[in-house]
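Welcome, and take a moment to look around.

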Amino acid sequence: MQHIKIKPGVALAEQAEIGHNRWHPDIPFLTSVKPGEEILIESLDFLDAQIKDTDDVSDVKNVDLTRAHPLTGPFYVEGAEPGDLLVIDLLDIQPISAVGFSGVFAKENGGGFLADYFPEADKAIWDLKGLFATSRHIPGVRIAGLKHPGLMGTLPSHELLKEWNRREALLVPKGQANPPDPRTAVLRGVTGAEFDRMAVEAARTVPPREHGGNTDIKDLAAGSRIYFPVYQKGAGFSMGDLHFSQGDGEIGFCGAIEMDGVTRVGFDLIKGGMEKYNIDSPIFVPSNVRPNYDQWLTFEGISVENGVNHYLDATVAYRQACLKAIKYLENFGFTGSQVYMLLTAAPVEGRIGGIVDIPNCACTISLPTSIFEKNILPQGALNENKFWGYR
């Protein structure tokens with residue numbers, strides 16, 4: 001079985017032979033795989049080994065986000081042609097290093113979903129021991145892991161890359177997208193004038209797009225199957241950004257319990273699958289393996305913010321649900337920043353409750369109560385929670 005290895009803790013630029021941190025159709029393939037084959041793929045953490053196991057938050061505050069995400073690949077899949085579907089099976093996912101991290105970016109350096117409320121950088125280092133993660137920076141919490149890759153995708157065609165750059169360029173002047181940035185680009189196997197040409201065209205890996213990319217779907221754990229559209233010969237599958245655990249939405253941006261790791265991946269092909277099934281972006285069969293949490297505390301937000309009623313705005317509603325959870329958990333000795341990191345690192349469930357009841361959309365966010373050492377349910381004078389069997 002092929003085993004693609006990394007040097008843990010070493011920046012991608014110092015081991016550029018293993019992968020890339022931009023998307024471009026001309027990146028040379030790392031190796032080839034056959035349909036039906038399984039391989040082991042090691043990946044660096046999404047911030048390219050910049051975050052250290054310390055109590056100092058300056059590494060998060062000063063992080064260079066243009067180095068995200070170091071990907072391992074691309075892999076040439078024998079027989080893959082444009083119009084096919086690449087079938088990826090995630091068979092096992094494990095950390096390499098025994099620590100992970102989550103954090104909050106400073107507002108001036110990327111911020112996160114709640115940047116206007118938490119503009120200062122913060123971080124939590126997590127000890128990864130078997131099935132569980134604990135952090136000295138968020139004491140009183142133990143999280144059962146649901147390990148998954150945040151980023152997987154196939155190489156774009158030249159036409160698709162051109163389309164990405166066209167439509168995203170319209171958002172750049174508004175501060176709503178970032179253009180290609182050649183300064184820290186790593187494109188395996190490319191040097192000189194060819195590198196210079198590609199680096200100014202190559203797309204950043206932060207957003208998801210039609211080929212897959214940075215989807216951050218927490219349920220794509222071991223046992224998942226993903227169908228990726230193939231846009232060029234050989235498919236060019238790459239992956240990285242492994243998480244030990246994550247909440248729906250990964251609201252902190254530096255949000256999941258980020259880790260390096262190794263994934264056992266199976267490959268297959270469906271010839272002509274894009275046209276046959278009318279697919280032009282990935283579809284997923286998430287794993288049925290997940291932590292056994294049986295009690296949740298749910299917070300609701302509606303699309304009203306700072307006295308303004310936003311019409312059926314799910315983003316506003318979800319933000320309000322998160323803020324309500326933070327305000328509530330501050331009653332139990334946590335700081336707002338600690339809860340913010342917890343909402344993005346723990347396997348919280350985010351839902352759209354109703355998106356048709358004008359003028360307000362409703363969204364919810366649910367926390368598993370058993371990740372906490374203490375009882376976080378409201379307690380009445382008659383101790384009704386105990387009466388009903390709640391912890």
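## Terms and ground rules

To sort residues by class, Ala, Val, Leu, Ile, Met, Phe, Trp, Tyr, Cys and Pro are taken as nonpolar, Asp, Glu, Lys and Arg as charged, and the others, Gly among them, as polar. This model is predicted, so local features need pLDDT of at least 70 and side-chain atom pairs count only at pLDDT 80 or more, while totals for chains, interfaces and linings use all residues. Residues are numbered from 1 along each chain as its sequence is written, and side-chain values use heavy atoms, with hydrogens and water left out.

A residue belongs to the lining if it has an atom within 4 Å of a point. Grid points are joined across faces, edges and corners, and a volume is the space filled by probe spheres set on the points.

The largest pocket has a volume of about 840 Å³. Its lining is made of 24 residues, and Gly110, Asn178, Val206, Pro207 and Phe253 lie nearest the centre. Sorted by class, that lining has seven nonpolar, 11 polar and six charged residues. A search of the whole structure also finds one cavity of 30 Å³ or more, and the largest cavity holds about 30 Å³ of space. The lining of this cavity includes Phe46, His69, Asp241, His243 and Phe253; by class it divides into two nonpolar, three polar and four charged residues.

## Aromatic pairs

A pair of aromatic rings is described by the distance of the centres and the angle of the planes. Here, rings of Phe, Tyr and Trp (its six-membered ring) pair if their centres lie within 6.5 Å; planes under 30 degrees apart count as stacked, over 60 as edge-to-face and the rest as tilted. The whole structure has 11 aromatic pairs. In one of them, the ring centres of phenylalanine 118 and tyrosine 340 are 5.2 Å apart and the planes are at 40°, so this pair is tilted. Phenylalanine 118 sits in the loop between β8 and β9 (122–129) and tyrosine 340 in helix α6 (residues 336–345), so the pair ties together parts that are 222 residues apart in sequence. Helices (H or I, at least four residues) and strands (E, at least two) are DSSP runs, numbered from the N terminus.

Phenylalanine 237 and phenylalanine 267 form another pair: with centres 5.8 Å apart and planes at 85°, the pair is edge-to-face. Phenylalanine 237 is in strand β17 (residues 235–245) and phenylalanine 267 in strand β19 (residues 261–270), 30 residues apart. Both of these phenylalanines are buried (under 20% relative accessible area, whereas exposed means over 50% and partly exposed in between, with a 1.4 Å probe and protein chains only). Ring pairs also link Phe75, Phe228, Phe237 and Phe267 into a cluster.

Is serine 102 buried or exposed? Serine 102 has a relative accessible area of 0%, so this residue is buried. Serine 102 belongs to strand β8 (residues 99–104), and its side chain makes a polar contact with the side chain of tryptophan 126 at 2.8 Å. A polar contact is a pair of N or O atoms within 3.5 Å; within protein, one must be able to donate a hydrogen and the other to accept it, and residues adjacent in sequence count only if both atoms are side-chain atoms.

Histidine 148 lies in strand β12 (residues 148–153) and is also buried, at 0% relative accessibility. The side chain of histidine 148 reaches the backbone oxygen of lysine 218 at 3.5 Å.

## Backbone details

The peptide bond from alanine 68 to histidine 69 is cis, with omega near -10°. Another cis peptide bond joins isoleucine 358 and proline 359, where omega is about 5°.

Alanine 235 has a phi near 75°, a positive value in a residue other than glycine. Alanine 235 lies in strand β17 and is buried, with a relative accessible area of 0%.

Technical notes:
On a 1 Å grid over the protein atoms alone, a cavity is a set of points where a 1.4 Å probe fits but cannot get out, and a pocket is an open set with protein on both sides within 12 Å along at least five of seven lines; lining residues have an atom within 4 Å of a point.
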